[in-house]
Amino acid sequence: MAKLVRKAPRSPLWIRLLESNVFRWTAGVCGGLILILVGIFTYFWITHSRMIDETLARGPYNTSSRIYAAPKSIHVGDAATSDELRALLRNAGYGESKSNRMGWYNTRPGVLEIIPGPDSFSENDGGVIKIDGGKVKEIISLRDNTPRNSYQLEPELITNTFDQKREKRRVVRYEDIPKVLVDATLSAEDKRFFQHTGFDPLRILKAFYVNLRSNRHSEGASTITMQVARNMFLTREKTWKRKISETLITVQLEWKLSKEEIFSYYANQIVDMGRVGSFAIRGFAEASQAYLGKDIRELTLPEAALLAGMNQQPSATNPFLYPDRAVKRRNIILGMMRENGYITDRAYAEAVATAIKVTRGTSGANESAYFIDLINEELEKHFSEHDFTGSAYRIYTTLDTELQKDATEAVRIGMAEVDKILERRKSKNPGGAQVALVALDPQTGEVRALVGGRNYAASQLNRALAKRQPGSIFKPFVYAAALNTGLQNGAQTVYTTSSTIVDEPTTFWYDGKPYEPSNYHQASYGVVTLRQALSRSMNIPTVKLAQSIGYGNVASLARQAGMGNARGTPSAALGSYEVTPIDASGAYTVFANRGQFSKPYWIQSIRDSSGQSQFDGKPVHKQVIDSRVNYLMVNLMEEVLRSGTGAGIRSRGFGLPAAGKTGTSHDGWFAGFTTKLVCVVWVGFDDNEDLKLDGSQAALPVWTEFMKRAHNHREYRGATYFNAPDGIVSVSMDPATGQLSTEACPTKITEVFITGSQPLETCALHGGSRAVAQVSGWDTPDPQQPTEADVAAIKAPRRVVKVKPPPESADKVPQQDPQAKPEPNKGFFGRIKDWMK
């Protein structure tokens, strides 16, 4: 019988599969794929980690340079409160933390302690300011604990520089962001931000459910960390690779940074707050200034909710353009804050009932937009080797923010008046007239205020840099060149303020071509003195004067005063060669500064991120006119404001000692000054269309409004009379004869002369005893004595006529003449013969 053999039991199927070659091959492949995936993941992880580290190391956002105004000083007795001073310090970069590199402050009841940091503008020691009753009671220096009369505050931050995208932001730390704004932002964007690890599973499920029901993408699930990852490190293209990178970066940010750091990056960089004017506003801090005109640390609950609600749709909820939408969105955020337990029902009700109060930024960024453009152009032109948009330079300027506000307000008020006049005259463009205003310190040339147009948001063209015909504001340089003959050896004719010229229709030949200027309505005034001719802005006497002394001499003097386009032609005497308002203001520093030209400048200094000086601006001076001649010119221009075309400033309430000149071409001008400020105003159309308003109607109202406001500030309050230098004599004259007056003369006038050029004989018409001259500086040597012909001309009787006030357009500039060679000189007696016609 055969022996039975038992078969071994078969292994389970899963064991047989594990032992099969197919499984081994499959496992090998899968293992290899896993290793490859791990390798890929590791590569991308390391790559993204390095990218994040490099970005954070060099600064995740554009650390652009900052532009500061000129420093201010506070004096004992000044009106001030602790809140106002703290606001100024905060806007200058100070804080309450002692680690703040710019500086820090400490407040106690009635006391403000200021400690500058290593990045401070000045090297001042700290100070203690005591305030009582809304005024500065005492200032104590912390260097030696001694009292001081004043203390220089840190320059106020105007704005940061901007790149071609014209993005503006103010970088703040998390500690500077008020809790109410953090709560509002979390309610609007990511309420579980401080609990999750970069991803919010509950929000993802909710978004999936909502989008599924609505059959469209109506709700997102991005957290604040995801938004930082997406917008700070990646491009805007929507691909699967970008989504993977976003996920990796989100995880790494949560690993590398604290929640507070992530939120500060979001608040400074990611938040899009729309546009104000031509600028893109980035970050809550810049938005707080741009829309609310206040520091971010001062935000109230309704204001914080307003800003937090703008982020998703900044254009549609812009409070300047759509206040109703902004309020509706703000109230939604307030409701979310109440639901999340951040505010009470009572706080919610009070906040919802609060009206929004938006205002253009008070830091000067909006009022100073044209000035900021001027600064940026200067940086690009002369400091191109420096990266101001990518490095934290500090640019300190000459701007006085208080004067800038005054200039902005003066333009608004004055141009409203111009609009009404143009509307009454049925102008084709009644609201289209533009304006420029430049105010500077005549002693230094520092530009203190600048307006380049009526509305920067509507037009960024800076009219302060636009070249236009200056009209009659150029005439003082003709008269200055003429009066300078009193100091020249061998001058054929010596002109004084009482010299006479015949105002009558005259043809001037130049390069074989006629030039026939005229006064307004072809009016002629007969024999007039230089004082009358300038104060009434007569054209023909001015061209005659320029012809007599030489057109080239007039042009040379103007070029020395910074008006580089001036040429030696007849029409130049009437301001036919173009200048910019900045050029004109610089030229008028000559008259306000005893004949010394102060070149305009607007950058005081530049420092790099370490505080090292890269540039220091210094005043540039040049003596252009002798101080005695200059005093005569100032005296003549005072007459313009007393009885001439500029007399309107007195009727408008400006009573301080001042001098100036109106000007009219196609545009209206007014250039004037005190001992403290020079201000030039231009009004006209951008297309050079004839404004059909003279300077006294168009520019003078703006000038007067500005100067009235400007001289209320302490720095400019002490405007004084213009003092005569040594070598000036003041005499009493009879206007009928031009000779020294006597007791018998029925009418007397006082006239000023350079010593030695005054009249020498008493009035032959009325007789009597001689009047006594008042001389400034008897001890100074007399200038060159006049020739016998000059003395005879001075002694000769003169026919002086009373001149009626001219029409408002007396200083209108005729058409520019051709340029070429001058007419042959007729000589002294030839000119005398012409004048006596």
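1. Y266 is buried, because its relative accessible area is 0% (buried is under 20%, exposed over 50%, partly exposed in between, with a 1.4 Å probe and protein chains only). The model is predicted, so local features are reported at pLDDT of at least 70 and side-chain atom pairs at pLDDT 80 or more, while totals for chains, interfaces and linings use all residues. Residues are numbered from 1 along each chain as its sequence is written, and side-chain values use heavy atoms, leaving out hydrogens and water.

2. The structure contains 18 aromatic pairs (Phe, Tyr or six-membered Trp rings with centres within 6.5 Å; stacked under 30 degrees between planes, edge-to-face over 60, tilted for the rest). One of them joins F263 and Y266, whose ring centres lie 6.2 Å apart and whose planes meet at 45 degrees, so this pair is tilted. F263 is buried, with a relative accessible area of 0%. Both residues belong to helix 8 (residues 259–270), where F263 and Y266 are three residues apart, about one turn of the helix (helices are DSSP runs of H or I, at least four residues, and strands runs of E, at least two, numbered from the N terminus).

3. F477 and F591 make another tilted pair, with 5.0 Å from centre to centre and 45 degrees between the planes. This pair connects distant parts of the chain: F477 is in helix 15 (residues 475–483) and F591 in helix 19 (residues 581–592), 114 residues apart. F477 and F591 are both buried. Ring pairs also tie these two residues into a cluster with F474, Y588, F673 and F722.

4. Two charged ends sit over rings (NZ of Lys or CZ of Arg within 6 Å of the ring centre and within 35 degrees of the ring normal). That of K259 lies over the ring of F193, 4.4 Å from its centre. That of R338 lies over the ring of Y348, 3.9 Å from its centre.
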